[in-house]
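Below is a short report on one protein model.

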Amino acid sequence: MIETGLSHTSELTVTQEVTATKIGSGDMEVLATPAMMALMENAAMLAVASHLPEGCTTVGGHIESSHLRPSKIGAKVTATAVVTKVDGKKIEFKVTAHCGEVLLGEGTHLRFIVDREKFLGKLG
């Protein structure tokens with residue numbers, strides 16, 4: 001059962017592969033905003049993964065976040081997601097990203113519980 005307060009922290013080390021230049025979201029060798037937000041989504045997915053019914057997963061529906069500071073190649077970045085609301089198959093999270101003690105970004109994320117087979121069946 002998914003309850004408010006469930007949380008998870010995911011981490012990554014900034015490499016060339018997750019820079020704004022490589023991803024195409026900017027032209028500098030710093031952590032790309034889409035990579036930071038993907039890390040936030042990963043934390044949210046993992047916060048609830050072990051509490052889902054068999055055959056189910058979650059999919060992202062919406063994410064909104066600030067990106068306040070740059071992170072250089074080699075920096076360790078963490079993202080934490082905390083469940084703030086559960087409404088049936090809809091799960092809301094507070095998400096934050098840090099580099100050490102420095103807040104990089106914060107926002108909200110919405111995920112939906114789906115049956116894997118039914119979801120993939122919609123691909124046609």
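## Aspartate 87

Aspartate 87 sits in strand β3. Strands here are DSSP runs of E with at least two residues, helices are runs of H or I with at least four, and both are numbered from the N terminus. At 46% relative accessibility, aspartate 87 is partly exposed. The classes are buried (under 20% relative accessible area), exposed (over 50%) and partly exposed in between, with a 1.4 Å probe and protein chains only. Serine 50 is 37 residues from aspartate 87 in sequence, and their C-alpha atoms are 18 Å apart.

## Basis of the model

The model is predicted: local features need pLDDT of at least 70, side-chain atom pairs count only at pLDDT 80 or more, and totals for chains, interfaces and linings use all residues. Residues are numbered from 1 along each chain as its sequence is written, and side-chain values use heavy atoms, with hydrogens and water left out.

## Two buried residues

Alanine 81 is also placed in strand β3. Its relative accessible area is 0%, so alanine 81 is buried. Contact means heavy atoms within 4.5 Å. Leaving aside neighbours within four places in sequence, alanine 81 contacts Leu6, Ser7, His8, Met40, Ala43, Ala44, Ala47, Phe93, Lys94 and Val95. Glutamate 29 is 52 residues from alanine 81 along the chain, with 26 Å between the C-alpha atoms.

Threonine 96 belongs to strand β4 (residues 90–99). Threonine 96 is buried, because its relative accessible area is 13%. Not counting residues up to four places away in sequence, threonine 96 touches Met40, Thr78, Ala79, Thr80, Leu103, Gly105 and Glu106.

## Ahead of the strands

Glutamate 3 lies in the segment before β1. Glutamate 3 counts as partly exposed, at 46% relative accessibility. With neighbours within four places in sequence left aside, glutamate 3 is in contact with Val83 and Val86. Valine 102 is 99 residues from glutamate 3 along the chain, and their C-alpha atoms are separated by 28 Å.

## Salt bridges

How many salt bridges does a search of the whole structure find? It finds three. A salt bridge is a side-chain nitrogen of Lys or Arg within 4 Å of a carboxyl oxygen of Asp or Glu. One of them pairs glutamate 11 with lysine 76, with the closest N and O atoms 3.5 Å apart. Glutamate 11 is exposed at 53%, and lysine 76 is partly exposed at 47%.

Glutamate 41 bridges to arginine 111, with the closest N and O atoms 3.3 Å apart. Glutamate 41 lies in helix α2 (residues 33–48) and arginine 111 in strand β5 (residues 102–115), so the pair ties together parts that are 70 residues apart in sequence. Glutamate 41 is partly exposed at 27% relative accessibility, whereas arginine 111 is buried at 5%. Glutamate 17 and lysine 22 also meet through their side chains, at 3.9 Å from N to O. Lysine 22 is partly exposed, with a relative accessible area of 47%.

## Nonpolar patch

Phe119, Leu120 and Leu123 make a nonpolar surface patch of about 340 Å². Patches are made of residues with over 30% relative accessible area and no salt bridge; like charges are joined within 9 Å, and nonpolar side chains (Val, Leu, Ile, Met, Phe, Trp, Tyr) within 5 Å. Accessible areas come from the Shrake-Rupley method with a 1.4 Å probe, and for residues only the protein chains shown count as cover. Phenylalanine 119 is in helix α3 (residues 116–121). Phenylalanine 119 is partly exposed, at 38% relative accessible area.

## Largest pocket

The largest pocket has a volume of about 160 Å³. A pocket is an open set of points, on a 1 Å grid over the protein atoms alone, where a 1.4 Å probe fits, with protein on both sides within 12 Å along at least five of seven lines; lining residues have an atom within 4 Å of a point. Grid points are joined across faces, edges and corners, and the volume is the space filled by probe spheres set on the points.

The lining of this pocket is made by Pro53, Cys56, Gly88, Lys89, Ile113, Val114, Asp115, Lys118, Phe119 and Lys122. Which element gives the most to the lining? Strand β5 does, with three residues. Both β5 and α3 supply at least two residues each.
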